[in-house]
There are 4 protein chains.
Amino acid sequence: MEKVRIGLIGTGYIGRCHAIAYAQASTVFSLKGEIVREMVAEVNPEVAKQQAALLGFKRSTGDWRELVADPDIDVVDICAPNFLHKEMALEAIRHGKHVYSEKPLALDVADAEEMTRAAEAAGVKTLVGFNYMKNPTSQLAKEIIARGEIGEVVHFYGTHNEDYLASPNTPLDWHCQRALAGLGALGDLGAHIVNMAHFLVGNISEVSGDMLTVIKQRPDPKDPSRLREVENEDQASALLRFTNGAHGVIETSRIACGSKMGLTYVVTGTKGTLRYTQERMAELELYIHDDPAGRQGFKTILTGPAHPDYASFCISAGHGIGFNDQKTVEIRDLINGIAANDRMWPDFAEGLQVSKVLEAIAVSALERRWMPV
Amino acid sequence: MEKVRIGLIGTGYIGRCHAIAYAQASTVFSLKGEIVREMVAEVNPEVAKQQAALLGFKRSTGDWRELVADPDIDVVDICAPNFLHKEMALEAIRHGKHVYSEKPLALDVADAEEMTRAAEAAGVKTLVGFNYMKNPTSQLAKEIIARGEIGEVVHFYGTHNEDYLASPNTPLDWHCQRALAGLGALGDLGAHIVNMAHFLVGNISEVSGDMLTVIKQRPDPKDPSRLREVENEDQASALLRFTNGAHGVIETSRIACGSKMGLTYVVTGTKGTLRYTQERMAELELYIHDDPAGRQGFKTILTGPAHPDYASFCISAGHGIGFNDQKTVEIRDLINGIAANDRMWPDFAEGLQVSKVLEAIAVSALERRWMPV
Amino acid sequence: MEKVRIGLIGTGYIGRCHAIAYAQASTVFSLKGEIVREMVAEVNPEVAKQQAALLGFKRSTGDWRELVADPDIDVVDICAPNFLHKEMALEAIRHGKHVYSEKPLALDVADAEEMTRAAEAAGVKTLVGFNYMKNPTSQLAKEIIARGEIGEVVHFYGTHNEDYLASPNTPLDWHCQRALAGLGALGDLGAHIVNMAHFLVGNISEVSGDMLTVIKQRPDPKDPSRLREVENEDQASALLRFTNGAHGVIETSRIACGSKMGLTYVVTGTKGTLRYTQERMAELELYIHDDPAGRQGFKTILTGPAHPDYASFCISAGHGIGFNDQKTVEIRDLINGIAANDRMWPDFAEGLQVSKVLEAIAVSALERRWMPV
Amino acid sequence: MEKVRIGLIGTGYIGRCHAIAYAQASTVFSLKGEIVREMVAEVNPEVAKQQAALLGFKRSTGDWRELVADPDIDVVDICAPNFLHKEMALEAIRHGKHVYSEKPLALDVADAEEMTRAAEAAGVKTLVGFNYMKNPTSQLAKEIIARGEIGEVVHFYGTHNEDYLASPNTPLDWHCQRALAGLGALGDLGAHIVNMAHFLVGNISEVSGDMLTVIKQRPDPKDPSRLREVENEDQASALLRFTNGAHGVIETSRIACGSKMGLTYVVTGTKGTLRYTQERMAELELYIHDDPAGRQGFKTILTGPAHPDYASFCISAGHGIGFNDQKTVEIRDLINGIAANDRMWPDFAEGLQVSKVLEAIAVSALERRWMPV
């Protein structure tokens with residue numbers, strides 16, 4: 001079986017998630033390639049070494065450029081800060097590596113476009129880490145829509161709300177700086193719900209957006225007595241028009257008190273409706289309009305082995321998969337995509353499409369007018 | 001105790017709801033005036049007579065003009081079709097009657113303005129039947145916001161979705177005709193959620209709206225083989241800016257499969273969040289950001305005697321009040337407003353304000369630009 | 001139309017609930033008899049007079065014996081304290097009155113038996129106020145079971161938990177005294193869930209019970225520094241065997257922190273399951289085992305006009321009826337039962353059957369063995 | 001770091017779950033020992049070989065006796081059918097191995113006792129796979145109870161219901177045969193809820209049980225036209241008395257239509273209540289009686305990094321861990337228990353205690369009387 005040798009850049013929050021998924025993926029799935037946890041890069045070579053040991057990787061480096069140039073790496077997995085995605089991806093592509101990047105693909109559309117074109121020109125494969133769409137429950141939602149069980153989609157409402165910056169005392173960090181993060185809630189969280197809208201309904205053609213920076217200044221992390229400017233939005237909302245004629249709304253916030261993993265959607269069709277919240281990631285609510293009178297209602301389906309990918313984790317329904325397991329499905333797609341040329345999606349082209357929607361929302365909000373995507 | 005003599009015009013769906021509320025109001029509340037169910041008007045005098053007997057009214061008439069002119073009527077209660085509200089209200093005001101009108105106040109802003117000005121000029125009291133804000137649970141929401149328990153409101157998301165026209169086979173009726181209904185989902189349902197937004201957050205200054213008529217033709221009720229044009233929107237969405245700086249979104253639909261009483265809201269503040277759905281009208285979810293670490297979460301408060309107006313119905317928490325009971329609270333406000341000059345709200349001025357928002361959304365949707373209210 | 005003249009004894013918590021229901025019943029339903037709110041009895045004649053005025057009754061008395069003897073009374077409605085039910089009912093029956101009594105019918109089986117026999121001998125009609133089974137949602141549950149939609153019932157789990165005595169500082173009142181209340185949680189709350197079990201599943205033949213008085217002493221209401229003995233159980237549980245072969249469990253508590261209206265049931269059949277909680281009294285959850293693979297789940301049915309009695313309150317689904325509305329359905333049954341000889345259930349015989357089950361549980365708990373009912 | 005070399009017997013449903021957990025455990029946790037996936041045993045040596053490759057184990061064997069005797073095995077992990085647990089464990093203990101066994105520990109108390117005594121005599125460490133108590137959410141429940149946040153526990157209601165045998169057409173398998181399974185629902189599922197009761201409340205001293213075999217015959221898997229006897233219970237219920245004075249009820253069923261992972265509990269204390277269902281394994285509902293009037297309610301806590309063990313999987317609250325992750329926590333306990341002598345619980349002594357409760361319930365049900373444990 002073909003080996004797929006992974007070079008992981010960054011071992012913070014999401015890098016660890018990738019590492020856990022690499023660790024379990026070949027036990028969960030019958031993969032078409034062999035995962036080799038080859039090398040870890042971290043800025044500090046000592047940290048890199050420790051993390052490699054902890055996360056089960058063979059080698060480590062303090063220089064990501066060494067990793068992307070290494071001949072024994074097949075896939076460069078970018079879990080570094082967002083502002084570095086572009087440079088790393090381009091350099092990896094230049095060395096002919098496949099690239100697996102965390103979202104958002106880049107800080108703006110121009111960068112995402114450059115990365116996408118470079119990957120296409122080089123003929124390398126790409127994947128972007130929009131992991132929530134890999135949850136069997138959302139795959140089930142997709143299946144129900146694709147089969148026409150709720151008719152034609154006429155409306156989509158989606159959110160990705162969290163509250164990690166709800167407290168005004170939380171110091172300013174990279175999330176709040178345009179040079180490091182690009183957009184605020186839209187880039188960090190909104191990217192997921194736009195991808196989910198694409199996945200479930202299709203592409204978005206026009207938007208009318210609005211944004212608000214509620215907490216305009218935050219303490220400097222180095223000197224809390226000093227306040228620094230927050231440079232991007234805490235929350236955003238947008239009216240959407242899809243290319244297939246459906247209308248919709250998405251919202252995102254990083255200060256939505258009480259939302260811990262508030263990726264939610266309601267997809268309304270001509271024959272039924274789906275409702276979902278990621279905080280109950282094992283449940284999909286389905287309403288079918290043609291159910292008999294007096295027996296209509298939203299049915300709470302617990303994800304189980306009858307649904308996509310679930311049975312690989314557990315053969316009993318309702319037992320539940322977790323956050324890291326979604327990433328494991330994504331890594332299955334990565335390995336099978338590279339080893340057996342299976343479809344890998346969401347690729348850079350989708351990452352670019354998401355960026356276009358986000359940027360259109362932001363421009364629309366600033367210019368106060370509808371924008372085409 | 002002063003008598004408050006009621007003349008009820010219209011005994012359909014909502015007229016019966018009023019009648020049930022009149023029947024129980026003086027048993028539920030210690031009113032400041034005595035309700036006299038004086039007269040019912042229906043187009044058909046025979047029906048009027050039967051309904052008067054059934055609903056406990058003394059007299060009946062087949063001519064609403066007779067009712068509004070009757071010297072023994074203090075309040076004209078308009079439960080007639082929407083397109084008649086204006087004429088009836090103006091005529092009632094001309095006879096110096098107080099006017100209690102169902103929502104929407106009128107088919108457009110111009111009419112609502114005329115009615116409001118006429119009532120002000122005549123010095124009569126007015127009330128509009130936005131009953132959902134009378135639910136103790138939503139009054140509790142208001143109380144929590146007013147006391148600052150969730151801090152400053154930064155975001156409002158509200159819907160009023162139902163599915164009464166979800167089936168394309170449902171024949172065209174007055175709801176779908178501009179001359180009879182004015183707006184579609186916005187006028188019939190959206191009026192409630194705009195009023196709720198006003199009640200909970202404050203006035204709206206600007207909107208960017210979008211609308212869609214999904215089912216463009218429906219069977220003619222007289223000849224189902226013939227299709228007739230649907231003249232107004234099935235669903236609408238709008239970005240909102242409130243005068244106090246909060247942002248928001250409202251949505252409404254009459255084809256939202258599965259939504260039976262989908263008036264919902266999420267009010268996000270700087271210190272907490274409220275969530276509500278009218279389908280669970282006895283529950284309010286409250287999140288307080290400053291709860292201790294590890295003990296944070298949305299608390300489901302069951303409405304009870306500690307909350308506004310509930311104890312008049314039942315002294316035990318969680319036992320629940322129903323749809324008609326909301327109207328009973330409204331009628332308490334009506335009677336006490338007229339007999340003792342207590343505050344009556346939402347009055348025509350609020351009905352007008354709601355109309356302005358709805359019309360701004362509709363115009364915004366057609367012209368595809370932000371509109372001031 | 002025949003008049004049904006009501007004499008109401010007691011205007012406390014539940015007496016007011018009856019009064020509200022009398023007030024609205026003829027507006028809600030097309031009754032087969034005319035309700036006449038004839039007379040109110042209260043110990044204090046002044047209170048009686050005030051309450052009669054407030055609750056819309058014509059006359060009042062400070063002596064319930066006068067009421068039960070009054071020739072212009074057809075139905076004696078007993079909302080007096082439990083320990084008086086027997087004497088009042090027997091006296092009313094002696095005067096040939098129909099009797100409508102609140103639950104529990106009596107303090108023990110012997111009394112309930114005597115009352116039931118007396119009513120049968122006198123040929124008067126009886127009704128006991130187990131109002132929760134009148135909720136359209138529980139009537140729907142009954143309908144689903146009766147039609148075989150969940151197959152044969154194999155298990156019933158039911159609770160009626162509240163928390164009105166959860167605080168050890170709440171002073172001792174009549175609930176805690178055997179001479180006034182008989183049993184504790186079992187008599188006050190358990191009666192409802194036993195009746196519900198009868199209604200939904202059928203009669204109970206054997207029980208194994210357990211009881212606990214958690215808070216053994218409470219402050220004397222007159223002298224809080226003095227503690228007095230609690231004489232009956234705070235909570236109880238019982239294994240059940242039904243005559244039809246199903247097994248079950250019921251539980252009840254008056255100290256179940258957080259349960260405000262914790263009447264709940266889960267009815268498991270060979271082909272499906274029903275779940276219900278009175279705190280969400282408009283929702284019934286239905287699972288059908290034969291639903292297609294991958295589309296199984298509990299469906300949340302919102303009560304609506306397709307279900308028993310709902311449409312009389314409102315013609316739109318999901319709009320909700322309240323606690324007092326259940327009593328209104330009960331009063332519809334009372335009036336139609338007396339005026340038109342419609343079936344009146346739960347009658348005294350059912351009240352007696354409930355008492356037998358409760359007493360069997362209590363004896364079983366004390367003797368620590370299974371007891372036949 | 002000390003190596004902990006695992007010998008896994010059985011790679012069916014639960015064996016795979018163990019394997020997935022072994023794969024990810026060292027990436028998730030900073031373990032105190034190094035996991036070595038040494039050997040797999042399966043009846044068929046070819047299958048053993050394939051499974052070893054798939055699950056990341058070094059060696060394989062078709063003879064479990066070879067595995068338990070292997071000098072390079074430190075822990076024997078028994079995921080074989082229940083009827084083999086005893087023989088395998090005794091043999092492993094005889095070879096001085098630590099034993100990690102799936103539940104139920106044995107088919108009856110005598111066997112469990114023998115195994116427990118043998119392990120104690122040999123001084124080997126033991127662990128039983130009651131994985132649900134390892135869920136951070138249930139660990140949080142334990143923490144809340146231990147800190148006295150809900151006061152003294154006065155009542156426990158617990159279930160473990162599933163529906164894997166709900167269909168009468170499902171052929172008879174080992175679950176239904178006493179020689180292979182021992183008890184029915186009690187042994188397979190009830191074991192979990194008894195362990196959870198022990199974990200959360202404490203030991204059980206007396207029980208009164210009842211059992212029912214609903215589907216008395218099932219098709220022979222080899223000849224579906226022939227029906228064979230079901231030898232153990234489909235469902236069971238029991239009243240409980242805990243040694244600390246609390247009362248309780250547990251129920252279990254394998255035919256409870258709609259219950260997919262119906263491990264649920266309600267723990268009522270003198271100052272508050274906890275509610276939990278494993279189907280929403282990331283949520284704990286907490287009610288605190290002393291919350292301010294009008295602000296009381298069940299709070300839904302989403303498990304997060306403030307709770308035990310969660311942060312090792314993900315540092316953001318509400319993102320969720322899955323079924324296999326619970327086993328990963330268990331394996332952390334195993335490895336740290338063996339490598340660093342950390343406490344390992346539930347051990348064989350607890351497995352034995354669970355067996356005693358289950359057997360007391362079964363005997364109580366047959367003899368129809370209360371039984372001491």
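Hi everyone, let's start in a loop: C:Pro346 sits between helix H10 (323-340) and helix H11 (348-367) of chain C. Helices here are DSSP runs of H or I with at least four residues, strands are runs of E with at least two, and both are numbered from the N terminus. The peptide bond that leads from C:Trp345 into C:Pro346 is cis, and its omega is near 5 degrees.

Before I go on, a word on what you are looking at. This is a predicted model, where local features need pLDDT of at least 70 and side-chain atom pairs count only at pLDDT 80 or more, while totals for chains, interfaces and linings use all residues. Residues are numbered from 1 along each chain as its sequence is written, chains are lettered from A and ligands numbered from 1 in the order in which they are written, and side-chain values use heavy atoms, with hydrogens and water left out.

Back to the backbone. Chain D has a cis peptide bond too, joining D:Lys103 and D:Pro104, with omega about -10 degrees. D:Pro104 belongs to the loop between strand S5 (98-101) and helix H5 (109-122) of chain D. Why point these out? Because most peptide bonds are trans, and most residues other than glycine have a negative phi.

For C:Asp309 phi is near 70 degrees, a positive value in a residue other than glycine. You can find C:Asp309 in the loop between S16 and helix H9 (310-313) of chain C. Is C:Asp309 buried or exposed? With a relative accessible area of 18%, C:Asp309 is buried, where buried means under 20%, exposed over 50% and partly exposed in between, using a 1.4 Å probe and protein chains only.

B:Arg368 has a positive phi as well, near 55 degrees. B:Arg368 is placed in the loop between helix H10 (348-367) and strand S17 (371-372) of chain B, and its relative accessibility of 27% makes it partly exposed. This residue also takes us across to chain A: its side chain meets that of A:Glu206 in a salt bridge, 2.7 Å from N to O. By salt bridge I mean a side-chain nitrogen of Lys or Arg within 4 Å of a carboxyl oxygen of Asp or Glu.

So let's look at chains B and A together. There are 4 salt bridges across their interface, along with 15 residue pairs in polar contact, both residues at pLDDT 80 or more. A polar contact is a pair of N or O atoms within 3.5 Å; within protein, one must be able to donate a hydrogen and the other to accept it, and residues adjacent in sequence count only if both atoms are side-chain atoms. On the chain B side, the residues divide into 16 nonpolar, 16 polar and 9 charged. Here Ala, Val, Leu, Ile, Met, Phe, Trp, Tyr, Cys and Pro count as nonpolar, Asp, Glu, Lys and Arg as charged, and the others, Gly among them, as polar. In all, 41 residues of chain B are in contact with 41 of chain A, contact being heavy atoms within 4.5 Å. Together these chains bury about 3,100 Å², with carbon and sulfur atoms giving 52%; that is the accessible area (1.4 Å probe) that two parts lose on being put together, summed over both.

Now chain C against chain A. Here 19 residues from chain C meet 19 residues from chain A, and the buried area is about 1,200 Å², of which carbon and sulfur atoms give 43%. C:Gly294, C:Arg295 and C:Lys299 supply 52% of the area that chain C buries against chain A, more than any other three residues. How many salt bridges lie between chain C and chain A? The count is 6, and one of the salt bridges pairs A:Arg295 with C:Glu143, their closest N and O atoms 3.1 Å apart.

The strands meet here too. Strand S16 (residues 298-302) of chain A runs antiparallel to S16(C), and 3 bridges join them; strands pair if DSSP finds at least two bridges between them. Across that pairing, A:Lys299 stands opposite C:Lys299.

One last stop, in chain B. B:Asp220 lies in the loop between strand S9 (217-219) and strand S10 (227-229), and it is buried at 4% relative accessible area. Its side chain reaches the backbone nitrogen of B:Lys222 at 2.8 Å. Beyond its neighbours within four places in sequence, B:Asp220 is in contact with B:Arg226 and B:Arg228.
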